[in-house]
Amino acid sequence: MEQLTAILAQEFQVKPEHAAAVVELLDEGNTVPFIARYRKERHGAMDDQKIRELSERLAYLRGLEARKGEIKAAIGEQGKLTPELEAALDKASTLAEVEDLYRPYRPKRRTRAGIAREKGLEPLAQLLWQGRDRQGRPLSQRPEQLAQTYVHAENGVETREEALQGAKDILAEEFSDDASIRKSLRTMLQKQGSLRSVAAQEEDSVYRLYYDFEEPLKRLQSHRVLAINRGEKEGFLKVSVKPGEESPLLRILRQVPDRHPYRALLREVAEDAWSRLLFPSLEREIRSDLTEAAAEQAIHTFALNLRPLLLQPPVKNQMTLGFDPAYRTGCKLAVVDETGKVLDTAVIYPTKPHQKVEESKRVLRHLCDAYGVTCIALGNGTASRESELFISQFIQEYPKPLSYMVVSEAGASVYSASKLGAEEFPTFDVSLRSAVSIARRLQDPLAELVKIDPKAIGVGQYQHDMPQARLSQALDGVVEDCVNGVGVDLNTASPSLLRRVAGITPTVAKNVAAYREEHGSFHSRKELLKVPKLGPKAFEQCAGFLRVMESDNVLDHTAVHPESYQAAKELLSLCGYTLADVGNLADLPSRLGEMGEEQAAQACGVGVPTLRDIVAELQKPGRDPRDQLPPPLLRTDVMDLADLKPGMKLSGTVRNVVDFGAFVDIGVHQDGLVHISQMADRYIQHPSQVLSVGDVVEVTVLEVDAAKKRISLTMRDQEKSGSKNPAGLISKA
């Protein structure tokens, strides 16, 4: 354990005692959000992302240790576990190194070398390798003369050429199984090799860029790896790894002295080992490693995009109309009130082939008048462009304030057709459920998007090519962190939202909803303990993240954990306040400053980080951290792609951030691309250094290709300060 925590402390640049504390807390069954929020003193106030990464690395290291144990046992059963081999296994820091060491001892299928060993040719192979007799004298016989001794018809060796070839096969396999040789050659390929792709057929495709492509492995970007892999899988590309200029033979024969009597033969063996065994194996390994690294980068980018998307500010206190566009089947409308309750639905036909524009306007006007609609949430699916033009025209004619926003439909159809969608709206058809989901996405993105599999939300690259279990694990972690970071209203949250709260399982989430249905609203956090299967441990994990606004205890409205209620009361008392003053504590920081944080924390029985969190919560009970962000960009009119001209300056919303740039919605239905080279006047490693999903940005049109529907945008002439968020240019939404 000490060795593991030392490795973690070094890799994550934290104190060993803090790394050890996180390991201990995880082993005790605590959740990442709980550890990050309520055990800051023990781990030095690491954030949830760092703790989650540390947890994943811990799992890898423990898996590595377990594998070492399995391999030691397997080699030990063969009677071949030497002290040197055991030490090498202990020293290995990656699974690849461990498997290289195990390779000579792993049970193999029948190989040419294995057949040669069965024929008794291993002593001949050893003689050729050593080049000396038992007295240590250099051998003078030619290889063919040595081989003659091993010609035995009863063993299946008919000629000395056959004996010699068998010995060479054994040596080639030993070269291939040598861990140090494999490590050296792997390093050589990684540093000097390149990935080469050529067209597998003459047909044009989206992979044309890679029909004659080569790039050094060390500089290969992850999105290119994934694109090439997909092109190969679909039959458009042939892909290979090309070694560098350095000869691999020198590395294979590094232990063979220049004056070795059989150096020429061993060189032939090395050539065979390289071309037949080593290179094909290492090529597979390297491509697998490239894919794994690219997948991890893509998953990281997906998670990076998902977080700001989930944390987009809700559009509060708006009577909202969800608009699910379509052609033949008509556009589905759903009016929802400020709490998300569905008030009315309708179907209109303003698009082709029906084009009942005036009739559709009458229906829309009736709904807006009857329910006081102030905002329209338009889905960005099929017929969205025509629907946006219709809405824009309607807004210009409508006498009351009304705006709209295009909302991503990604995953809406998944939710609509799901069991959950059917349970929520059993009398609605699938498309009407989509309209409701679109409206709620504008009102509270987090509460609605948690109902959808994160992979279906559509803010990544090549998500279908990712290891699905790993992708789900990473994205579920992001959702969990976002939900717990914002907090959940215990009396209004759906089971889908509740099950994302730390410590609450899907079964317990349903039990909470059932208890609420049977007994009415919760009136305190303590009442949670009456919910079936929600025991003390689950209560400890979840209580601080659940808000009970109906409680008489104002602390139940906050993120203060019940275990710290006494500390909060003590703090208020020390500063001359009572619970009745919570929410009106403008002077609390100054009074605390006069007393001193250290002394106050000691008097309250908590650490300084916890004390600071308590102060923040007492000042703004029930606060939503998303309220501090700029609101989403609502529109009243629409432009056409043909309206865009180079040099035009526009405001837009970042929809997706990828390795090579960011896609921005500028209100013409077709997202424009800000390439990474156009984001800043300084060098940036990744677009996420500058932009996040949901940011409202100012861009300038560089180029418009109407035929291919491509819009090139730039931010470079906008950014002068060199900072991540130049004033007035990027609004974090």
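**View 1. Charged side chains across the predicted model.** In this predicted model, the protein carries 96 positive and 105 negative side chains, and the centres of these two sets lie 3 Å apart. The protein exposes about 34,600 Å², of which carbon and sulfur atoms supply 50%, while 50% of its 733 residues count as buried.

**View 2. The fold as a whole.** The protein contains 29 helices and 16 strands, and its C-alpha trace spans about 105 × 70 × 55 Å along the principal axes. Among the contacts in the protein with a separation of 6 or more, 66% are made by residues 24 or more positions apart.

**View 3. An open sheet of three strands.** The strands follow the order β2-β1-β3, and their pairing is antiparallel. At the edges stand β2 (212-216) and β3 (237-242), each of which pairs on one side only. Neighbouring strands of this sheet are turned by 15° against each other on average, with direction ignored.

**View 4. The pairing of β1 with β2.** Strand β1, which covers residues 194-199, is joined to β2 by five bridges, and the two strands run antiparallel. Within this part of the sheet, R196 stands opposite E214 in β2.

**View 5. Helices placed against the sheet.** Helix α13, formed by residues 222-233, packs on the sheet and touches β1, β2 and β3, and its direction makes about 130° with that of β3. Helix α15, formed by residues 263-310, lies across β1 and β3 and runs at about 110° to β3.

Definitions and conventions. Residues numbered from 1 in each chain as written. Predicted model: local features only at pLDDT ≥ 70, side-chain atom pairs only at ≥ 80, totals over all residues. Heavy atoms only, no water. Pairing = 2+ DSSP bridges. Helix = DSSP H or I, 4+ residues; strand = E, 2+ residues; numbered from the N terminus. Axes fitted to C-alpha atoms, helices over the stretch in contact; angles between N-to-C directions. Contact = heavy atoms within 4.5 Å. Buried < 20%, exposed > 50% of the residue type's maximum accessible area, 1.4 Å probe, protein only. Areas by Shrake-Rupley, 256 points an atom, 1.4 Å probe, with all protein chains shown as cover. Lys, Arg positive; Asp, Glu negative; His and termini not counted. Charge placed at Lys NZ, Arg CZ, Asp CG, Glu CD.
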